Amino acid sequence: MSFSTLRRGGFWAAAAFACIAAADRAFAHHPLGGETPSTLMQGLISGFAHPVIGFDHLAFIVGVGVASAFLTRGLAPIAAFVLATIAGCALHLQGVTLPAAEIVVSASVLIVGAAIMSGRGLSMPVATLVFAAAGLFHGYAYGESIFGAEQTPLTAYLIGFAAIQFAVACAAMLVMGALLSERVASAMPARLAGAVIAGIGLTFLVQNVESIVIPAPAPTEAPRS
C-alpha cells in the first residue's frame with residue numbers, strides 16, 4: 001500500500017471522525033425525538049430512519065454489504081443479519097436483557113471494518129454467523145425506540161427497519177462489486193471503505209467505554225429561595 005493511498009485513507013477516516021464528533025447521538029438513536037411511535041406511519045418512518053441516522057448502525061450495515069461483495073452468495077449473510085435484527089428487537093420487547101449492547105454494537109462496527117480493511121475475506125459460514133450474532137445486538141438497540149408501542153406501529157417499525165437495512169446492505173454490495181469488477185487487480189476501494197467503517201466503530205467504542213468509566217454527573221436541583 002503506497003503512502004498516497006494511506007494518506008487518502010487517513011483523510012476519509014478523519015472526515016468520519018469529524019462527522020461522528022459533530023453528531024447528536026440522542027437524535028441518532030431516536031428518530032421521533034424520543035417519542036414512541038403511535039401510528040402506522042410513525043412506526044414506518046421510525047423504522048426507516050433508525051438504522052440510517054444512527055451512524056454506528058449505518059456503518060455496520062454498509063460493512064455487511066461491502067464484505068458480502070466478496071462472497072458468491074452475498075445475499076445469504078445479509079438476510080441472516082436482517083433476520084437477526086428482528087430477533088434482537090423481539091428480545092428487547094420481551095424484556096430480555098443483552099449485556100453491554102452498546103459496547104458490542106460499536107465493537108462489531110470496528111471488527112467488520114478492520115476485517116474489510118485487512119483484505120482477508122470471510123468465508124460464507126463465518127460471515128453469516130458473525131453478522132447474525134451482531135444483528136441480535138443491533139436489533140436489541142433498535143427495540144429501545146419502539147418499546148411500549150401498540151401492535152400496528154410496532155409491526156410497521158419492524159417492516160421499515162428490515163427493509164431499509166436490506167436495501168442499504170444490497171446497495172453497498174452492488175456498488176462494491178461494480179468497483180471490484182472495474183479494478184480486479186486492486187481491492188483498494190474496499191480497504192478504504194473498511195478504514196472509514198473501522199474509524200466510526202472505534203469512535204463509538206471509545207465514547208461508550210468512556211461513558212461507563214466516567215459517568216455523566218447527576219443533574220443538580222436549583223437552590224430554592
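## A side chain meets a backbone

A polar atom of the side chain of Asn208 lies 3.3 Å from the backbone oxygen of Glu102. This structure is a predicted model, so keep in mind that you are looking at a computed picture. Asn208 is found in helix 9, which covers residues 188-213.

Is Asn208 buried or exposed? Its relative accessible area is 6%, and because buried means under 20%, Asn208 counts as buried.

Now look at the loop between helix 5 (75-93) and helix 6, where you will find Ala100. Most residues other than glycine have a negative phi. Ala100 is not a glycine, and yet its phi is positive, at about 50°.

Ala100 has a relative accessible area of 48%. That value falls between the cut-offs of 20% and 50%, so the residue is called partly exposed.

## The second largest pocket

Two elements give two or more residues to its lining: helix 6 (101-118) and helix 7 (124-142). Which helix provides the largest share of this lining? Helix 6 does, with six residues.

The lining has 13 residues, and those nearest the centre of the pocket are Phe60, Ser108, Ile111, Val130 and Ala134. What kinds of residue make up the lining? There are 12 nonpolar residues, one polar residue and no charged ones.

## Helix 7 from end to end

Helix 7 lets you try a simple check. With 19 residues at 1.5 Å a residue, this helix should span 27 Å. The C-alpha atoms at its ends are 26 Å apart, which agrees with that expectation.

Several residues of helix 7 are buried, among them Met124, Ala127, Phe131 and Ala134. Ala134 is also one of the residues nearest the centre of the second largest pocket.

## A loop residue and its contacts

Finally, find Leu71 in the loop between helix 4 (55-68) and helix 5. Leu71 has 15% relative accessibility, so it counts as buried.

Which residues does Leu71 touch, not counting those up to four places away in sequence? They are Pro77, Leu122, Ser123, Met124 and Ala127. Leu71 and Ser123 are 52 residues apart along the chain, and their C-alpha atoms are separated by 7.5 Å.

Methods
Residues are numbered from 1 along each chain as its sequence is written. This is a predicted model: local features need pLDDT of at least 70, side-chain atom pairs count only at pLDDT 80 or more; totals for chains, interfaces and linings use all residues. Side-chain values use heavy atoms; hydrogens and water are left out. Helices (H or I, at least four residues) and strands (E, at least two) are DSSP runs, numbered from the N terminus. Buried means under 20% relative accessible area, exposed over 50%, partly exposed in between (1.4 Å probe, protein chains only). A polar contact is a pair of N or O atoms within 3.5 Å; within protein, one must be able to donate a hydrogen and the other to accept it, and residues adjacent in sequence count only if both atoms are side-chain atoms. On a 1 Å grid over the protein atoms alone, a cavity is a set of points where a 1.4 Å probe fits but cannot get out, and a pocket is an open set with protein on both sides within 12 Å along at least five of seven lines; lining residues have an atom within 4 Å of a point. Ala, Val, Leu, Ile, Met, Phe, Trp, Tyr, Cys and Pro count as nonpolar, Asp, Glu, Lys and Arg as charged, and the others, Gly among them, as polar. Contact means heavy atoms within 4.5 Å. The expected span of a helix is 1.5 Å times one less than its number of residues.
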